[in-house]
Amino acid sequence: MNARNLLITLGLLALWVILRESIGVWVLIQGLVISIGCTFFFNKFLPLKKADDVNFFKLILFPFQMIGQIFKCAVYVIEVVFKGARVDIVEVETTLSSETLIDILGDTLTLTPGSVMLDAKDKTLTVLWLRKQGDPDEIQNAREDVIGFDWLEAQLQKAQK
């Protein structure tokens, strides 16, 4: 077990102890077995070699920022629902070059209310998008119109090497 795997295992063990809200021999044994199993699974099926172009340390605050973005999008969706909504499928180009970050962007878009990523090819995301009934049929700039896209992309851009 290398140093990275040891740190991952110890981090998962600490998380297990916190979630169980107790510490004892049995809790530590359970946590250690589960942590080693998760680390093995992670290394076998989710290798980090593909994500070597991402600085994950710079993404530490991203989940908390994303929660704020989810609430902002929820307010937009509430407004759209009350005023009348329609659904469009748009293709949005991203400036991200990391495949990992493009996947994170698409998954994050899906978490925010009002948009769902359908497909990602190269640097193009196909997004199902909830918009106002009275908006023009032709979309001028999908990057700006899809709520939250520019902000999410800018946050992920910081983590790209």
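In which strand is M117 found? M117 lies in strand β2, residues 115–121. Strands (E, at least two residues) and helices (H or I, at least four) are DSSP runs, numbered from the N terminus. This is a predicted model, in which local features need pLDDT of at least 70, side-chain atom pairs count only at pLDDT 80 or more, and totals for chains, interfaces and linings use all residues. Residues are numbered from 1 along each chain as its sequence is written, and side-chain values use heavy atoms, with hydrogens and water left out.

Leaving aside residues up to four places away in sequence, M117 touches G106, D107, T110, L125, T126 and V127; contact means heavy atoms within 4.5 Å. M117 is 26 residues from R143 in sequence, and their C-alpha atoms are 14 Å apart in space.

R86 is found in another element, strand β1, residues 85–93. Is R86 buried or exposed? R86 counts as buried because its relative accessibility is 16%; buried means under 20% relative accessible area, exposed over 50%, and partly exposed in between, with a 1.4 Å probe and protein chains only. The side chain of R86 makes a polar contact of 3.4 Å with the side chain of D88. A polar contact is a pair of N or O atoms within 3.5 Å; within protein, one must be able to donate a hydrogen and the other to accept it, and residues adjacent in sequence count only if both atoms are side-chain atoms. Not counting residues up to four places away in sequence, R86 touches residues including W129, R131, D135 and D137.

Next come the helix pairs. Helix α1 (residues 3–20) packs against helix α2 (residues 25–45) at about 135 degrees, with the axes 8 Å apart. Axes are lines fitted to C-alpha atoms, for helices over the stretch in contact, and angles run from 0 to 180 degrees between N-to-C directions. The two helices are therefore oblique to each other: angles under 35 degrees count as roughly parallel, over 145 as roughly antiparallel, 65 to 115 as roughly perpendicular, and the rest as oblique. Among the residues making the contact are I8, L12 and W16 of α1 and L28, I34 and F42 of α2.

Helix α3 (residues 62–83) and helix α6 (residues 149–157) pack at about 175 degrees, with their axes 11 Å apart. α3 is therefore roughly antiparallel to α6. Here F62, Q65, M66 and Q69 of α3 meet W151, L152, Q155 and L156 of α6.
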